[in-house]
Amino acid sequence: MAGTLTIPTKASPFPFAALGISASIGKAALVFDETAPTTSLVLNGSTITDEDEIVQALAKEGGLAGDSAKTPSYFALAKNLRTITAHPELVAALDSLDDYLAFRTFLVGHSITSADWIVWGTLKGNIKVLGLLKNNQHPHLLRWFTYFDTLKETQGAIAELASAKASKVRSNKTAAGFALGLPDAIDGQVVTRFPPEPSGYLHIGHTKAAILNQYFAKMYHGKLIIRFDDTNPSKERTEFEETILEDLKLLNIHGDVVTHTSDHFQTLYDLAVKLIEAGKAYTDDTIQDDMREERKNGIASKHRDDSVADNLKHFDEMKAGTEEGLRWCLRAKMSVDDPNKALRDPVIYRCNLLPHHRTGDKWKIYPTYDFACPVVDSIEGVTHALRTNEYRDRNPQYQWMIDALSLRKVNIWDFSRLNFIYTLLSKRKLHNFVDKGLVRGWDDPRFPTVRGIRRRGMTVEALTQFMLSQGPSQSVVSMEWDSIWTLNKKLIDPIAPRHWSIVTKNSVPVIIKGGPTTPEFKVLPKHKKNAEIGEKKTVYSSSIIIEQEDAQSFEGQEEITLMDWGNAFVRSKTVNDAGIVTSIEMDLNLEGDFRKTKKKITWLSQSTQETPLIPVTLLDYDYLITKKKLEETDDVADFTTPVTEFREAAVADANVNDLNRGDIIQFERKGYYIYDGEVDGVKEFILIPDGRAASIASKAATPAATPAPAAVPKSEPSVTKMYAMESIYGKDLAYDAGTKMYKMETVYDS
C-alpha cells in the first residue's frame with residue numbers, strides 16, 4: 001500500500017469523503033483510531049491532515065480522471081454545505097445539484113473524480129441533507145448519491161467503521177498491522193503460498209490463511225501460489241484438489257499459479273540423500289511408540305550414529321519399498337534433548353506403498369510436511385511463509401532445514417489459528433457426521449466448510465473483512481459467531497430485496513371492508529432505501545391472510561397498520577375453543593396516521609388462480625454440538641445436538657419466483673434468508689444469522705419450561721436422608737411484629 005489513512009472514530013463532521021475514496025482506490029491502509037487527534041494521510045513520506053487535500057491526493061494516487069476547471073467549485077460547494085444551517089438555503093443547494101444531475105451521471109466529465117467524492121462525503125455526513133433526500137424531492141441527486149453510497153467498497157468501509165465503533169477499539173489492529181507490512185518485503189517481489197492438503201474440503205479455519213496470503217500478494221503487487229501439499233497417498237485424491245479450487249473460487253481467491261509438492265519429489269529425494277551424506281540425517285527402525293518415548297525423554301536412538309553407508313543402504317531399501325525398507329524411516333539429525341521437542345530428530349521421510357494420485361507407483365517413500373514445506377517454499381521462490389502460530393515451535397525446525405541444505409532464506413510470518421465456539425474443524429470428526437447421515441454432505445449449512453457457510457448466507461466480503469480484522473493477532477481463542485454474522489448483516493442489508501411470507505400453520509384469513517372488490521396491483525420498490533434493487537408487484541384485495549401471532553396480539557377496535565397499504569380497525573375476531581384465532585374482520589382506514597399505531601404487520605392477499613401465493617419452506621439450523629469447546633478427551637457422540645434442522649411451511653409473495661439460487665433477501669419481520677432452490681416444487685429459504693443473541697444462541701442449550709412445583713401436603717414432613725436436628729428457636733415460637741397493617745388469615749390454613 002502506498003500510504004495509511006488514520007481516521008478518529010468519533011470525528012465530527014465525519015470525513016466520509018476521505019473514507020470513501022480511500023476504500024475505492026485501495027491505495028491507503030485504513031486505520032480507525034478513536035484516540036487520533038485528527039484525520040491524517042501518510043502518503044509517499046508526507047502527512048496530510050486537511051480532508052480536501054486528502055481527497056485530492058488520493059484521487060491523484062489512484063489515477064482518477066483528470067480534474068477540470070469545475071472541480072474547485074465543487075470543493076467550495078462542499079465546504080459551504082458544511083456550514084449551511086438555514087433550511088431554505090440547504091434546499092436551494094440541493095435543488096441546484098438535482099437540476100445539474102438531471103442529464104449527467106457524474107459531476108465532472110464521464111467518470112468518477114475527486115469532485116464526486118468530496119460532495120458525496122459532505123452530503124453523507126449531514127443529517128439534515130439525508131432527511132431531505134428521503135422525501136424524494138430530488139430524484140436525480142438521490143440516484144447519484146445512492147450510487148456512491150451503495151458501492152461495494154463504500155459499504156465495506158462503512159461496515160468496518162461500524163464494527164470499530166461497536167467494539168470501541170482503540171485502534172483497528174487489522175489495518176495497523178498490515179500498514180506495518182511484511183518484514184523485508186519488496187514491492188513487486190513478494191511471493192506467498194497457500195498449501196492445502198488435498199484430503200478434504202476447506203473450512204472457515206482455512207479461509208483466514210487463504211485470504212491473508214492473497215491480501216499480502218496483492219498489497220505488494222506480488223504473486224500467490226496455490227500449492228497442494230500432496231505427500232500422503234493414504235488420504236489424498238484428485239477430486240479434493242478440484243473441490244478446493246472450487247472453494248477458493250467461492251472466496252474470490254485466485255492463485256497466479258497452481259503447483260504440487262509432488263512436482264518436486266525427485267528434488268526432495270536428492271536433498272534427503274544430501275543430508276545423509278553430510279551426516280545430518282539417519283535411518284531408524286525404532287518402533288513408533290518407543291521412538292515417541294525416546295523423544296519425550298531425550299534419549300538418543302540406537303541408530304543415531306550409524307555410518308553414512310548404512311544409512312544410504314537403508315534409504316535405498318525404503319525407496320524400493322522392500323520388506324526390509326518398510327521397517328525404516330529417515331530422521332533429521334537435529335538434537336536429542338533440545339527443550340523444544342520439535343527439534344528432537346523429527347522424521348522427514350516415511351514409506352507408503354499406496355499409489356499416489358499423481359505419480360502412481362513411481363515412489364514408495366514420501367517426505368513429511370516438516371521437510372517438504374521449507375524446501376519447496378525456497379525452491380518455488382516463496383518470500384514469506386504465512387503459518388498459524390501452532391507451528392511456532394516448528395519454526396526453528398523450518399529454518400534448520402533451510403540452513404542444512406544451504407537453500408534461499410524464507411521469512412516466516414505467523415498468526416493465530418481461527419476457532420469458533422460450538423464448531424468442529426477436525427476433518428475426522430466432520431467425516432463422522434457425514435458418514436452417519438447427520439448432515440447431507442460437505443456443503444450442509446450446518447457445516448463450517450466454505451461451502452456450508454456460503455450456503456448459509458455468508459458473503460465473501462464479510463469473510464474477507466472479518467479475517468483481515470483479525471490481522472496479525474497471536475491470541476488463540478474460541479470466538480463467538482456474533483461478530484462475523486453482524487458484519488455480514490451490515491453488508492447484505494443495503495442490497496437485500498424485501499419480500500413477505502406468512503407461516504401456513506394457523507394463518508388467519510382477514511376480510512377487509514373498504515378493500516378492492518377485485519384484486520389490484522401496485523408496483524413498489526423492493527428496497528425502500530435503495531431504488532437500484534428494482535421493483536416488485538404487490539397484490540391488494542379485500543381478502544388477506546396474516547400471522548397467527550399478530551392476530552393474537554390485536555385488541556378489540558384497535559387501529560393497526562397494514563404495511564405498504566395503510567391503517568385498518570380490527571372490528572371482530574373469532575377464536576376457537578383452543579384459543580386459536582380463526583378469522584378477523586377489519587375496516588380499512590387509509591386516512592389513519594401510521595405513526596400513531598403500535599403494530600405494523602405484514603400480510604398477503606389470499607391465493608387465487610390469478611394471483612397465487614408461492615409455497616415455501618423456511619429453514620433454520622442449530623449447532624451440531626452442544627458444548628462450546630470440546631476437549632481432547634470428549635466423545636463427540638456425547639455432545640451431538642439431537643435436532644439441528646427446523647422446517648416451517650409458509651407462503652410468500654409471487655415475486656420470489658424471480659429469484660435465483662443463492663440470492664439473498666429479507667422476509668420482513670422475519671429475517672434475512674438465502675434462496676437454496678426447490679425441493680419437490682417448494683422453494684426453500686435458509687435463515688441467515690444476523691449476529692443478534694437470539695439468532696446465534698444454541699437452541700439445544702435453551703432450558704425447557706420449568707414445570708410448576710406440585711403442592712406438598714403440609715401434614716407430611718419432607719423426607720430427607722440428613723440427620724435430625726432440633727430447631728434452634730424451639731417449638732411453637734410466636735413473633736409479634738407490631739405492625740399497623742390490617743390482619744390477614746394465612747392462605748395455608750384454609
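What we have here is a predicted model, in which local features need pLDDT of at least 70 and side-chain atom pairs count only at pLDDT 80 or more, while totals for chains, interfaces and linings use all residues. Residues are numbered from 1 along each chain as its sequence is written, and side-chain values use heavy atoms, with hydrogens and water left out.

The protein has 22 helices and 31 strands, these being DSSP runs numbered from the N terminus (helices are H or I, at least four residues; strands are E, at least two). Of its 750 residues, 49% are buried, where buried means under 20% relative accessible area with a 1.4 Å probe, protein chains only.

Turning to the rings, the structure holds 33 aromatic pairs; rings of Phe, Tyr and Trp (its six-membered ring) pair if their centres lie within 6.5 Å, and planes under 30 degrees apart count as stacked, over 60 as edge-to-face and the rest as tilted. Tyrosine 269 and tryptophan 363 have ring centres 5.8 Å apart and planes at 50°, so this pair is tilted. Because tyrosine 269 lies in helix α12 and tryptophan 363 in the loop between β10 and β11, the pair ties together parts that are 94 residues apart in sequence. Tyrosine 269 is buried, with a relative accessible area of 10%, and tryptophan 363 is buried too, at 6%.

Tyrosine 269 also has lysine 319 over its face, at 5.3 Å from the ring centre, the criterion being NZ of Lys or CZ of Arg within 6 Å of the ring centre and within 35 degrees of the ring normal.

Definitions and conventions:
Buried < 20%, exposed > 50% of the residue type's maximum accessible area, 1.4 Å probe, protein only.
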